[in-house]
Amino acid sequence: MSGAIVNVRHLARSFGGKRVLDGIDLDVGAGEFVSLIGASGVGKSTLLKIVAGLDQPTSGTLRIHKPGKPAEVRMMFQEDRLLPWRTVLGNVILGTKGHEADGVDILCAIGLGGRENEYPSVLSGGQRQRTALARALLHQPDLLLLDEPFGALDALTRAAMQELLSSLLRESPRTVLLVTHDVEEALLLSDRVIVMRSGKIARSLSLPGPRPRARGDAELARLKEELISSLLHDEGAPAPSNAARLERALQPHD
Amino acid sequence: MVDATSGNLSASGDLPPSGLWRLSGRVAWQLLPWVLPVLLILLWHGAAISGHLNRSVLPGPLDVVDVTISLVNRGQLQHHILVSLQRVALGFALGAVTGLALGIIVGLSIAARQIADLTVQMVRTVPHLALVPLMIFWFGIGEEPRILLVALGVVFSVYINTVSGIRSVDPKLVEMGRSYGLSKAELIWSIILPGALQQILTGIRYALGVAWLTLVVAETIASREGLGFLAQDARELLRLDVIVLVILIYAVAGWLADFLTRLVEARLLSWHPSYSQQGSRT
Ligand SMILES: Nc1ncnc2c1ncn2[C@@H]1O[C@H](COP(=O)(O)OP(=O)(O)OP(=O)(O)O)[C@@H](O)[C@H]1O
Ligand SMILES: [Mg+2]
């Protein structure tokens, strides 16, 4: 299998005394697809940024390696982060030299052929996300980090993007770490789903069989229900007691 | 409400605009800004020939045209305009390059900011025209004081806008650039400067106005050439028509400078939704 290996040991990260990550241990094998889920604010993006080298852990170690050569790591951020002053193609080939032809190829592959010379401001949200994905893939990373890449998309576009990602990974396999809010997305796409709670890994769920999995699978539906109900009891999730307060807050005052 | 909308719709449906109609509409739209200035000049002219205007207070447009022709024939007007243009260009270039360089350094480096920003902010509060007597004392009435004064007027607005433009660049884009392996130089060239460009150009446009203003004052005080001198000289000779001519030239020059920077802006910021083809109508 091609792709980088990731070893995370006792990783912790605090922001001003607040411990966001609290002893994370995580091993990802070469070519493995791992999804991270958990309540909002639990530290998923923080973990991903540390793995990407954009943030330093307070303590603990991180190792990313690949036999033979240094591992390329690319991150697709929660927002598309396209440069508005560069064309679509200019954005995709950012940081590379002489890869215009590859850029055009990859844009065709994700359905943006012919849009190379337009500026991001005229693209739709889904097209912008696809451009950002093309940019991450152009570098042929050994480790691909995706932070809610399809979070802002409508259900139909999201399903198309999931298909696209799966087929691109089938053609050139690599290690992927995906952060998502969408439990079903995690179950469909990954080899393993990791649930984070209070800065720790609460659960690691290995999924059988090849990916992507079929959408209608009964076992998958059961797992989805179970994961969602366990996530609902996490802190950060809107608790039932809060629902009453919300209702009061929304009541018209007279 | 509903009736008005449907009425509009049917009216445009009954009258499909022909190509010629639309073209003349476009031309009329382009000419619209000139209606008011032309009207004002006509009013001025009317007041002059009807005798409502005391010519020893304000000469009429035709008097100004006459004096323009005679000055051009003697080769004086071209000469003074050229001298002034040269001064403004030199002073502006000097000030803009200095302000830009200083602004980029201070914008990029926290250490440089800590060292220089307080000083620059203090010096900035001194009106640069207050330095005129000192400049004349140092340099006499040579070219240097005027060019330096223009540069001083320009440098701060370019500096301040460059610094704040660089500071307002989205840090998320910079973080993205770093994670995509851009070197420091590439980061500056591909992300930081384009992100700051809009505000830098705003500073430059403002600075152009300051440059003209400074030049007028500097030339009025100590010069034997240039438009400011021409006006000053005319005042001593009680030539009101020349003074009015110089004022008109300043107006046209200011408008031209603004027009040119807008062209540059539209070109450099063509990626920007509000500067794109569709947006430039306003
Ligand atoms: N640079 C920072 N400074 C201070 N606090 C931070 C910083 N970055 C993140 N945090 C805090 O760390 C916690 C985790 O943030 P993080 O962005 O990792 O959450 P997340 O799991 O990705 O949430 P979401 O699903 O909503 O994106 C939050 O409480 C956040 O306020
Ligand atoms: Mg996040």
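Is A:Arg192 buried or exposed in this predicted model? A:Arg192 is buried, with a relative accessible area of 12%, where buried means under 20% relative accessible area, exposed over 50% and partly exposed in between (1.4 Å probe, protein chains only).

In this predicted model, local features need pLDDT of at least 70 and side-chain atom pairs count only at pLDDT 80 or more, while totals for chains, interfaces and linings use all residues. Residues are numbered from 1 along each chain as its sequence is written, chains are lettered from A and ligands numbered from 1 in the order in which they are written, and side-chain values use heavy atoms, with hydrogens and water left out.

View 1. The side chain of A:Arg192 reaches the backbone oxygen of A:Asp27 at 2.5 Å. With the side chain of A:Glu32, the A:Arg192 side chain makes a polar contact at 2.9 Å. A polar contact is a pair of N or O atoms within 3.5 Å; within protein, one must be able to donate a hydrogen and the other to accept it, and residues adjacent in sequence count only if both atoms are side-chain atoms. Leaving aside neighbours within four places in sequence, the residues in contact with A:Arg192 include A:Leu26, A:Val28, A:Phe33, A:Val34 and A:Leu205, contact being heavy atoms within 4.5 Å.

**View 2. Magnesium ion (ligand 2) and its protein donors.** The ion is coordinated by A:Ser45 (OG) and A:Gln78 (OE1), at 1.9 to 2.7 Å. The pair links distant parts of the chain, 33 residues apart: A:Ser45 is in helix H1 (residues 44–51) of chain A, and A:Gln78 is in the loop between strand S5 (73–76) and helix H2 (88–92). Donors are N, O and S atoms within 2.8 Å of the metal (3.2 Å for Na, K and Ca); water is not among the atoms, so sites may look incomplete. A:Ser45 counts as partly exposed because its relative accessibility is 23%. A:Gln78, at 35%, also counts as partly exposed.

**View 3. Helix H1 of chain A and the side chain of A:Lys44.** H1(A) is mostly covered, with six of its eight residues buried. Those buried residues are A:Lys44, A:Thr46, A:Leu47, A:Leu48, A:Ile50 and A:Val51. A:Lys44 counts as buried because its relative accessibility is 5%. The backbone oxygen of A:Ala39 lies 3.1 Å from a polar atom of the A:Lys44 side chain. Not counting residues up to four places away in sequence, A:Lys44 touches A:Leu36, A:Ile37, A:Gly38, A:Ala39, A:Glu148, A:Val179, A:His181 and A:Met196. A:Lys44 and A:Arg197 are 153 residues apart in sequence and 9.8 Å apart in space, C-alpha to C-alpha. A:Gly53, whose phi is positive, near 80 degrees, follows the helix.

**View 4. Backbone geometry at A:Ser198, A:Pro212 and B:Leu238.** Most residues other than glycine have a negative phi, and most peptide bonds are trans. Phi of A:Ser198 is positive, near 45 degrees; this residue lies in the loop between S8 and S9 of chain A and counts as partly exposed at 42% relative accessibility. The peptide bond from A:Arg211 to A:Pro212 is cis, with omega near -5 degrees. A:Pro212 has its place in the loop between strand S9 (200–206) and helix H7 (218–232) of chain A. Phi of B:Leu238 is also positive, near 55 degrees. B:Leu238 lies in the loop between helix H10 (227–236) and helix H11 (240–268) of chain B and counts as exposed at 73% relative accessibility.

**View 5. Interface between chain B and chain A.** In this view, 16 residues of chain B are in contact with 21 residues of chain A. The two chains bury about 1,800 Å² between them, 63% of it on carbon and sulfur atoms; buried area is the accessible area (1.4 Å probe) that two parts lose on being put together, summed over both. B:Glu175, B:Tyr180 and B:Trp271 supply 40% of the area that chain B buries against chain A, more than any other three residues. Four salt bridges are counted between the chains, a salt bridge being a side-chain nitrogen of Lys or Arg within 4 Å of a carboxyl oxygen of Asp or Glu. The side chains of A:Lys97 and B:Glu186 meet in a salt bridge (3.5 Å, N to O). Helix H8 (171–179) and helix H9 (184–221) of chain B are the elements that give two or more residues to the side of chain B that touches chain A.

Methods:
Helix = DSSP H or I, 4+ residues; strand = E, 2+ residues; numbered from the N terminus.
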